[in-house]
Amino acid sequence: MNAAPSQLERVKIAARLALGLIWLYEGLVPKILFLRADQVALVERSGLVWRSPQFTLQILGLAQAAMGFWLLTGLAERRASILASVWMCVLIVLVVINNPSLLVDPYGALVKDLSLLASAYAVWVLSGQKRSDQNP
């Protein structure tokens with residue numbers, strides 16, 4: 001018989017699902033379904049291009065969507081959350097190097113990424129706890 005999830009377990013699941021959905025969205029929408037000229041230009045300026053900037057963004061989008069699916073499944077939560085965090089930090093650095101104005105982006109790209117790092121941290125910490133430690 002399965003016991004109902006504890007409050008901390010529900011927090012972990014909510015953080016993991018939010019993280020996964022955002023990775024899925026960020027991979028599919030702006031990089032595959034609705035490729036934006038500013039992202040193509042950003043990749044072009046970075047010099048990290050494989051075949052073409054558009055193709056590079058599509059591959060990145062597929063990888064991000066795969067990361068999102070992984071997070072949504074709940075398999076190896078700690079590994080998924082740490083990989084998502086490292087990947088996010090690398091992307092933040094690459095983006096800021098190639099477009100420092102994004103640090104003050106009115107749409108909050110950096111703020112969003114910091115909140116995603118906090119969600120990933122919550123998943124990592126709470127996934128490491130034993131079930132008995134999670135009872136409120």
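Visitor: Where do the charges sit on average, and how far apart are the mean positions of the positive and negative ones?

Guide: Lys and Arg count as positive, Asp and Glu as negative; His and the chain ends are left out. Each charge is placed at NZ of Lys, CZ of Arg, CG of Asp or CD of Glu. Here there are 12 positive and 8 negative charges, and their mean positions are 7 Å apart. This is a predicted model: local features need pLDDT of at least 70, side-chain atom pairs count only at pLDDT 80 or more, and totals for chains, interfaces and linings use all residues. Residues are numbered from 1 along each chain as its sequence is written, and side-chain values use heavy atoms, without hydrogens and water.

Visitor: Which secondary structure elements does the protein have?

Guide: The protein has five helices and zero strands. Helices are DSSP runs (H or I, at least four residues), as are strands (E, at least two), numbered from the N terminus.

Visitor: How is empty space found?

Guide: Rolling a probe the size of a water molecule over the atoms shows where empty space is left. A pocket is an open set of points on a 1 Å grid over the protein atoms alone, where a 1.4 Å probe fits, with protein on both sides within 12 Å along at least five of seven lines; lining residues have an atom within 4 Å of a point. The largest pocket has a volume of about 1,100 Å³.

Visitor: Which residues lie nearest the centre of the largest pocket?

Guide: Glu-26, Lys-31, Gln-39, Leu-42 and Val-95, out of 39 lining residues. Helices H1 (7-33), H2 (37-46), H3 (53-73), H4 (77-98) and H5 (109-127) each supply at least two residues of that lining.

Visitor: What does the C-alpha trace span?

Guide: Along its principal axes, about 55 × 25 × 20 Å.

How values were computed:
Grid points are joined across faces, edges and corners, and a volume is the space filled by probe spheres set on the points.
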